[in-house]
Amino acid sequence: MTHTVLYDPEALLTEHLPLDRAPITALVDAVLALEDPEGLRARDCAQIALLLTGHTRVVAAELRHCFEALPPGSELRPLTEQVLREAVPRLSAKSQTTLAHAQQRAQLVRALYRALDQLDAL
């Protein structure tokens, strides 16, 4: 069996990929539940962070798309804009091989999904 790894740092493919939320949210929950920094090897943390970073870029692109479709006077515009603004520097931070870094990425995924859910509830 072979696998193709998607590497899309410019997020050019985000329009064509569906959000596969269930496995990512399960991973987010598992990573955030870890308390022992020695619980994962550095290379495992790096792979988790890489996966979460890629997914975060897709969710952020979807959130931006939904944000741009909001009416100018929407109450959700300022909150959504703030979430997106905070995501940019966090995503551009250099990737690390620590559990703390993987957890930061997991928290970012959770925050973006929370904002996306608020927009989807409209």
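The model is predicted: local features need pLDDT of at least 70, side-chain atom pairs count only at pLDDT 80 or more, and totals for chains, interfaces and linings use all residues. Residues are numbered from 1 along each chain as its sequence is written, and side-chain values use heavy atoms, without hydrogens and water.

Trainee: Which pattern does the protein follow along the sequence?
Mentor: Helices are DSSP runs of H or I, at least four residues; strands are runs of E, at least two. Read along the sequence, the pattern is α-α-α-α.

Trainee: Are H2 and H4 roughly parallel or roughly antiparallel?
Mentor: The axes, lines fitted to C-alpha atoms over the stretch in contact, come within 9 Å for H2 (residues 42-69) and H4 (residues 99-120). They cross at roughly 20 degrees, on a scale from 0 to 180 between N-to-C directions. Angles under 35 degrees count as roughly parallel, over 145 as roughly antiparallel. That makes H2 and H4 roughly parallel.

Trainee: Is Thr-97 buried, partly exposed or exposed?
Mentor: Thr-97 sits in the loop between H3 (76-92) and H4. Its relative accessibility is 44%. Exposed needs over 50%, and partly exposed lies between that and the buried limit. Thr-97 therefore counts as partly exposed.

Trainee: Which residues is Thr-97 in contact with, leaving aside neighbours within four places in sequence?
Mentor: Contact means heavy atoms within 4.5 Å. The C-alpha atoms of Thr-97 and Ala-49 are separated by 7.9 Å. The contacts of Thr-97 are Ala-42, Cys-45 and Ala-46.

Terms used. Parallel < 35°, antiparallel > 145°, perpendicular 65-115°, else oblique. Buried < 20%, exposed > 50% of the residue type's maximum accessible area, 1.4 Å probe, protein only.
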